[in-house]
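Here is a short briefing on one protein model.

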Amino acid sequence: MLVAGFAAGVLTSTVGVASLASFPVLLALGVPPVVANASNTIGLTPAGLSGSWGYREELREQPRLAWVIVVTCALGSVGGATLLLALQPGVFERVVPCLILFTCLLVGAQPAVTRWLRRRTPDAKARTFPGPVTTALWVLTGAYGGYFGAGSGVMMVAVLGFGLDLDLRVVNGLKTLAVAAANVVASVIFMVVADLDWSVVAVLALGSIGGGYVGSRIGRRLPPTMLRTLIVVAGVVAAVALA
C-alpha cells in the first residue's frame, strides 16, 4: 500500500491517473468500494499538495489563473463528494471508461486542432484566461474529482489545452493544483460524514506525499510530446482497467 501511494503520487503530478495505482490495491485488500474511494481521496491529497509545490515556478507564471482553478474545482468537488455519499456504489461505473477514453482523444488531438484554429484565425490573441464554457468545465472536472477521480487529471489537461494557450508544463502544473483543490475539499467532507479506514489513509498519505513531489520533478522535465503521449497511454490503460 505504501508503494501504491508513492506510485499514485508520481502519477498525480505527471499523467493524472493516480487512482489507477492505488484504488485497485485497496479493493484487493478487501476494503469496501465507497470506504476505499473516500480513504483513497484523503490519502492522495498530500500528493497534489506536494506536486503543486514542485510546480511552483510554473504556477507563478499564472497566479490569477491558479486561483480561479482552485475556486472552481473546489466548488465542483463539493457536488462530487455529495454524489459519492448519496448514490449507490457503481452508478457511473459504465460511463467512466467511455468518459476517460473520450478525454484521451481530446488530449491527443488538441495540438492538431489548435494549429488548425490558428491558421484560420492568425490574428487571434493568445488565450490566457478562461471563458464561461472553460470555467464551467473546470467545475464539472472538480465534481468528477470529488466523486471518483480516476482520470480527472487527464480531463483537466484536455480542458486546459482546449480552453487556453499555455505551455504543457504550465498546464501540467495547473492540472496538479486542480486535483489538489478538489481532493482537499472532498477530504474535508469525507472526514466529517464518510466511513473511512484511517490506516489506509495514513499509509497512502505517507507514500503519496513523496511521490507527488518526485512526479513534479519528472513532469516538468519531460518533452511536451512525450508527456502528452504518456498522458494518453495512461488514460487508455485506466479506461480499460475500469471497464
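Contact here means heavy atoms within 4.5 Å. Helices are DSSP runs of H or I with at least four residues, numbered from the N terminus. This is a predicted model: local features need pLDDT of at least 70, side-chain atom pairs count only at pLDDT 80 or more, and totals for chains, interfaces and linings use all residues. Residues are numbered from 1 along each chain as its sequence is written, and side-chain values use heavy atoms, with hydrogens and water left out.

**H1 against H2**
- Ala4, Ala7, Ala8 and Leu11 of H1 meet Ala21, Ser22 and Val25 of H2.
- By class, this contact has six nonpolar residues, one polar and no charged. Ala, Val, Leu, Ile, Met, Phe, Trp, Tyr, Cys and Pro count as nonpolar, Asp, Glu, Lys and Arg as charged, and the others, Gly among them, as polar.
- The axes of H1 (residues 2–13) and H2 (residues 19–28) come within 7 Å and cross at roughly 155°. Axes are lines fitted to C-alpha atoms, for helices over the stretch in contact, and angles run from 0 to 180 degrees between N-to-C directions.
- H1 and H2 are therefore roughly antiparallel (over 145 degrees).

**Around H2**
- Ser19, Ala21, Ser22, Phe23 and Leu26 are the buried residues of H2. Buried means under 20% relative accessible area (1.4 Å probe, protein chains only).
- Their cover includes H1, H3 (33–54) and H10 (198–219).
- Gly30 follows H2 and has a positive phi, near 90°.

**Nonpolar core**
- A nonpolar core is a set of buried Ala, Val, Leu, Ile, Met, Phe, Trp, Tyr and Cys residues joined through side-chain atoms within 4.5 Å.
- The largest one has 52 residues; Ile69, Trp138, Leu160, Leu174 and Phe190 touch the most other members.
- Helix H9 (residues 168–193) gives the largest share of this core, nine residues.

Notes. Buried < 20%, exposed > 50% of the residue type's maximum accessible area, 1.4 Å probe, protein only. Helix = DSSP H or I, 4+ residues; strand = E, 2+ residues; numbered from the N terminus. Parallel < 35°, antiparallel > 145°, perpendicular 65-115°, else oblique.
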